[in-house]
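Visitor: I have a protein model open and would like to learn how to read it. Could you walk me through it, feature by feature?

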Amino acid sequence: GFDLNGVNVNIFKKVGNIIYLYTYERGVESITGACGTGAISTAIHCHYIEKIPLPIMIYPPSSIPLFIDFEKNENDEIKNVLLKGHSEIIRRDVLKINFN
């Protein structure tokens, strides 16, 4: 086994043009239901390396699909990244920070 504490790791499986993604997230120290930055970085990899066309559909463990799209400029550099998916408030709280 691997000691994954303190790291972020994306593990994906490509099925056609659909990506099934698991993200082990530091701080949580577990697989998360979905991770936006993990989905975006995986989509960028899958577009450039796995040759999956945009937009890219990603299924995280929550089974609620995420859709990632982006534009490229004339130098093939990424710009205007768009992440679409379901969101909901699961908790409200107040955080007080004292800056001294």
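Visitor: Is Tyr 22 buried or exposed, or something in between?

Guide: Buried means under 20% relative accessible area, exposed means over 50%, and partly exposed lies in between, using a 1.4 Å probe and protein chains only. Tyr 22 has a relative accessibility of 45%, so this residue counts as partly exposed. You will find Tyr 22 in strand β2, residues 18-25. Helices (H or I, at least four residues) and strands (E, at least two) are DSSP runs, numbered from the N terminus. This is a predicted model, in which local features need pLDDT of at least 70 and side-chain atom pairs count only at pLDDT 80 or more, while totals for chains, interfaces and linings use all residues. Residues are numbered from 1 along each chain as its sequence is written, and side-chain values use heavy atoms, leaving out hydrogens and water.

Visitor: What is the mean pLDDT of the chain?

Guide: pLDDT is the predictor's confidence in each residue, from 0 to 100. The chain has a mean of 91, with 96% of its residues at 70 or more. Confidence is highest in strand β4 (residues 56-59), at 97, and lowest in strand β3 (residues 30-31), at a mean of 88.

Visitor: Which residues make up the largest nonpolar core?

Guide: In soluble globular proteins, nonpolar side chains tend to be buried together. A nonpolar core is a set of buried Ala, Val, Leu, Ile, Met, Phe, Trp, Tyr and Cys residues joined through side-chain atoms within 4.5 Å. The largest one here has eleven residues, among them Ile 19, Ala 39, Cys 46, Ile 58 and Phe 70. Two or more core residues come from each of β2, α1 (36-48), β4 and β5 (66-72).

Visitor: What does Phe 70 touch?

Guide: Contact means heavy atoms within 4.5 Å. Leaving aside residues up to four places away in sequence, Phe 70 touches Ile 44, His 47, Tyr 48, Leu 54, Ile 78, Lys 79, Asn 80 and Val 81.

Visitor: How many salt bridges does the structure hold?

Guide: Side chains of opposite charge can pair when their charged atoms come close. A salt bridge is a side-chain nitrogen of Lys or Arg within 4 Å of a carboxyl oxygen of Asp or Glu. This structure holds three. One of them joins Glu 50 to Lys 14, with the closest N and O atoms 3.9 Å apart. Glu 50 is in the loop between α1 and β4 and Lys 14 is in strand β1, so their pairing ties together parts 36 residues apart in sequence. Glu 50 is partly exposed, at 28%, and Lys 14 is partly exposed too, at 38%.

Visitor: Where are the other bridges?

Guide: Lys 72 and Asp 76 meet in one, at 3.9 Å from N to O. Their relative accessible areas are 36% for Lys 72 and 42% for Asp 76. Asp 93 pairs with Arg 91, with the closest N and O atoms 2.8 Å apart, and both residues are exposed.
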